[in-house]
Amino acid sequence: MSLESNVFDTALIFEGGGMRAAYTAPTISVLLKNNIYFDWVAGISAGSNNTVNYISRDPYRGRLSFTDFAGDPNFGGIRTLLRGDGFFNANYIYQHTSGPNEALPFKTETFYNNPARLRVGGFNAETGETTYWGREDMSTPERMRLMVQASSTMPGLMPEVTIDGEKWVDGVIGTSGGVALDAAEAEGFEKFLVIMTRPRDYWKQAPRNPRLFERHFRKYPAVADALNTRATRYNATKEKLLELEKEGKAKLFFPDSISINSTERNISKLRRHYVLGMEQANRELPEWQEFLGV
């Protein structure tokens, strides 16, 4: 299988959203099935999972990650949250499922042989800085998994991740509000295919009780501040995306119909949303191909 890219002038960006990615994971399958290979891909939170599954050319893992895997007895829940492992049992999910005989085998060789560039966004809980890790930071599979885990670590629902002695949480609370448009623009891109996990008419609201985050994250005030101000950054990024769409510089995928939240565990609902996402992606494929010139 050739791992060469054929789309060089457009950035592929996956939004986060926890288990709402059941609706967007099928876009990986549609892109790969139609031989659409981007040279630059970015994602935050659940979008980081979609990113590495796309780079490793594995639509099967992309589907399982956000559907059937939710039924794994070690996946998580209230029990694992109360014992300190997180509502999503992150250490198990990211560090003990990717081996050849484990729940979600990862195509490590394909991932590292694929020359396409990638960016995974994380938020430094101690300094408040946003970082986009690239292949150069993922020198080993263990570091790659840690960075995807950190990018996906929902504050309050999952324990912070330590990388090089620093604590990291979900990149969605960082500079872009959850969509890595800023990372793509910083690397010179002017065209974008962006896979969103919220409907077109969604706008994020500010928290009703900011002091709740301030009390809960007393140890990490940068996290509390980022959570309390995230809506402003998310909405600003979305406004920019809609303007880019009007200018013909962005093609945006918004779910037509989605009724699951970020912590959904019902496998039947997740499978149904995967099918809905697949149907919509296939409907929109001709527009993507025209936009990309492939």
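**Helix packing and buried residues in a predicted model**

Gln-149 is found in helix α8, which spans residues 141-151. With a relative accessibility of 7%, Gln-149 counts as buried, because the cut-off for burial is under 20% relative accessible area.

**Gln-149 and Ala-90**

- When its neighbours within four places in sequence are left aside, Gln-149 is in contact with Ala-90, Asn-91, Tyr-94, Gln-95 and Val-161.
- One of these partners, Ala-90, has its place in helix α6, which covers residues 90-95, and at 0% relative accessibility Ala-90 counts as buried.
- Seen from its own side, and not counting residues up to four places away in sequence, Ala-90 touches Asp-85, Gln-95, Gln-149 and Met-158.
- Between Ala-90 and Arg-79, which are 11 residues apart in sequence, the C-alpha to C-alpha separation in space is 13 Å.

**Helix α3 against helix α8**

- Helices α3 and α8 pack at an angle of about 145 degrees, and their axes are 7 Å apart.
- The crossing in which α3 passes α8 is right-handed.
- In this contact, Ser-48, Asn-49 and Val-52 in α3 meet Met-144, Val-148 and Ser-151 in α8, so that by class the contact has three nonpolar, three polar and no charged residues.

**Helix α2 and its packing on helix α3**

- Helix α2 (residues 26-33) is mostly covered, since seven of its eight residues are buried, namely Pro-26, Thr-27, Ile-28, Ser-29, Val-30, Leu-31 and Leu-32.
- Helix α2 packs with helix α3 (residues 46-55) at an angle of about 25 degrees, with the two axes 10 Å apart, and α2 and α3 are therefore roughly parallel to each other, as angles under 35 degrees are counted in that way.
- The crossing of α2 past α3 is right-handed.
- On the α2 side the contact involves Ile-28, Leu-31 and Leu-32, which meet Asn-50, Asn-53 and Tyr-54 in α3; the residues of this contact divide into four nonpolar, two polar and no charged.
- Asn-35, which follows α2, has a positive phi, near 55 degrees.

**Nonpolar cores**

- The largest nonpolar core has 60 residues, and those with the most contacts inside it are Leu-12, Phe-38, Tyr-54 and Trp-288.
- Helix α12 (residues 267-292) gives the most to this core, contributing seven residues.
- Leu-12 touches Leu-31, Phe-38, Trp-40, Val-41, Ala-42, Tyr-54, Leu-193 and Ile-195, when residues up to four places away in sequence are not counted.
- In soluble globular proteins, nonpolar side chains tend to be buried together.

**Arg-198 in a loop**

- Arg-198 has its place in the loop between β7 (192-195) and α10 (210-216), and with a relative accessible area of 21% it is partly exposed.
- Leaving aside neighbours within four places in sequence, Arg-198 is in contact with Glu-15, Arg-20, Lys-204, Tyr-234, Phe-254 and Pro-255.
- Although Arg-198 and Thr-24 are 174 residues apart along the chain, their C-alpha atoms are separated by 10.0 Å.

Key
Residues numbered from 1 in each chain as written. Predicted model: local features only at pLDDT ≥ 70, side-chain atom pairs only at ≥ 80, totals over all residues. Heavy atoms only, no water. Axes fitted to C-alpha atoms, helices over the stretch in contact; angles between N-to-C directions. Helix = DSSP H or I, 4+ residues; strand = E, 2+ residues; numbered from the N terminus. Parallel < 35°, antiparallel > 145°, perpendicular 65-115°, else oblique. Left-handed = near helix turned anticlockwise from the far one by under 90°. Contact = heavy atoms within 4.5 Å. Core = buried A, V, L, I, M, F, W, Y, C linked by side-chain atoms within 4.5 Å. Buried < 20%, exposed > 50% of the residue type's maximum accessible area, 1.4 Å probe, protein only.
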